[in-house]
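Colleague: I have a new model open and would like to learn how to read its features. Could you take me through a few of them?

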Amino acid sequence: MKINRYSWKDMEKQEKELLFSRSETDIRDVQESVIKIIEDVKTGGDAALLSYNHKFDKTSLDMKLRVSTKEFEEAEALLSEKVKEALRYSIENVRRFHETQKPESMKMIEIQPGLLAGEKAMPIDSVGLYVPRGRGFFPSMLYMLAIPAVTAGVRRVCVVTPPDENGTVDPACLYAARLCKVHEVYKVGGAQAIAALAFGTESIVRVDKLCGPGSMYVSAAKRILYGQVDVGLPAGPSESIVIADGFANPEKVALDLMIEAEHGSDSAALLITDDPLLADRCESKIRELCAGLPEPRKTFVEDVMKGYGGIILTESLEQSAEIANQLATEHLQIQTREPFHALSLIRNAGEILLGENTPFSIANYSVGPNAVLPTGGNARTWSAVSVRDFIKYSSVIYSTESALKEMSPFVECLSDYEGFTTHGDALKKRRI
């Protein structure tokens, strides 16, 4: 098993650029084929969706795209009580966290006597949530997306997710959807699902905004359709970094490093450490732990460790943190002697988990903060999915006659300076 091993001070510029680009390179490679899929759906509607379902997911050409009430009921009956309890527990935690993000519906302040200004917070009318399936089932992804949308008050929330070859959706996803009060679920995935949400088809009414992670094809479709629809945060293949020092337990570091790596061969997982001995021990542990993994997870981890993953040796904790800031990863875990000190060095990360008792997996499922995070270095400017992603704000202004009179000379001066005649006339010619 090959595990990439880098010394930051000795790395060539090209090697560093490959780490920074990560799987974004793969996304660019599929854009041409994605453009064709989008055009097919735009012109062919449901027929195109059914054709692509048949091609990619081996479903029948006459399947119903929308999940029926009966399918929701059957899904609930199929699940064990243990799984349902885990979903209820996790959904409640995520809901509690996101309830704290709800803004005041209206807030006004007095700028000057008689001049009021503020913002009215209103939910987006409709959103489409993408829940992937290609490498497993993701009910956790469904509730991470649906809870903030429903909490925000979005009137129409619909989910698209790939079906299996029998034309059915994962029962846990359907159970989670019901718990989240989402009843509009469609059996379609990939770039074709993104196109359907953007343009609409006979069965799927277009939405105002998209949200959710997916494969490189989904990520490419969202980029191409930017401008046609709000495509939400950039959420592509999974990526993670563990920053560790000599204090860390090698086995725990190895275990946690493999969490995001098992998502797929196009994931990224890096250990950044200033301790060569820890690097050696972690490398040995990764080999040992990986050998016991079932397929396809074993292959995914192996591919990541020789692809967009591995170990970077640095000269100090400060350098480790700065590399993490440059990479601006989706998931960042800190296993150091003083994790809160290391936290003070971090500027860019989708989420930051502190200490050896906070593996990525608990944040992915059950803690409460959202696990749908920006990828591809976009944590420099983007944040985790939240209620705020499904809220828009309208400025609200009210002025009394006296406040208008007080302000008019300044507005007239600036409108004259910029050459906007009617701007000034609206004030000059309305004087009593």
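Colleague: Which residue lies over the face of Phe390?

Modeller: Lys209 does, at 6.0 Å from the ring centre. Do keep in mind that this is a predicted model. There is another case of this kind: the charged end of Lys16 sits over the ring of Trp8, 4.3 Å from its centre.

Colleague: Let's turn to sheets. How do the strands of a sheet pair?

Modeller: Strands pair through backbone hydrogen bonds, in either a parallel or an antiparallel way. Here you can find an open sheet of three strands, ordered β2-β3-β13, and its pairing is antiparallel. The edges are taken by β2 (106-112) and β13 (391-399); each has a single partner strand, so one side of each has no neighbour in the sheet. On average, neighbouring strands are turned by 20° against each other, direction ignored.

Colleague: How many bridges join β2 and β3?

Modeller: Six bridges, in the antiparallel sense, with β3 covering residues 115-123. To see one of them, pick Met108 and look for its bridge partner in β3, Gly118. Helix α17 (residues 401-418) packs on this sheet, where it touches β3 and β13. The direction of α17 makes about 90° with that of β13.

Colleague: Is Tyr52 buried or exposed?

Modeller: Tyr52 counts as buried, because its relative accessibility is 9% and the cut-off for buried is under 20%. Phe56, at 42% relative accessibility, counts as partly exposed.

Colleague: What span should helix α7 have?

Modeller: At 1.5 Å a residue, the 14 residues of α7 (residues 139-152) should span 20 Å. The C-alpha atoms at its ends are 20 Å apart, so the model agrees with that. Of those 14 residues, 13 are buried, so α7 is largely enclosed by the rest of the structure. Just after α7 comes Gly153, which takes a positive phi of about 95°.

How values were computed:
Residues numbered from 1 in each chain as written. Predicted model: local features only at pLDDT ≥ 70, side-chain atom pairs only at ≥ 80, totals over all residues. Heavy atoms only, no water. Pairing = 2+ DSSP bridges. Helix = DSSP H or I, 4+ residues; strand = E, 2+ residues; numbered from the N terminus. Axes fitted to C-alpha atoms, helices over the stretch in contact; angles between N-to-C directions. Contact = heavy atoms within 4.5 Å. Buried < 20%, exposed > 50% of the residue type's maximum accessible area, 1.4 Å probe, protein only. Lys NZ or Arg CZ within 6 Å of the ring centre and 35° of its normal. Expected span 1.5 Å × (residues − 1).
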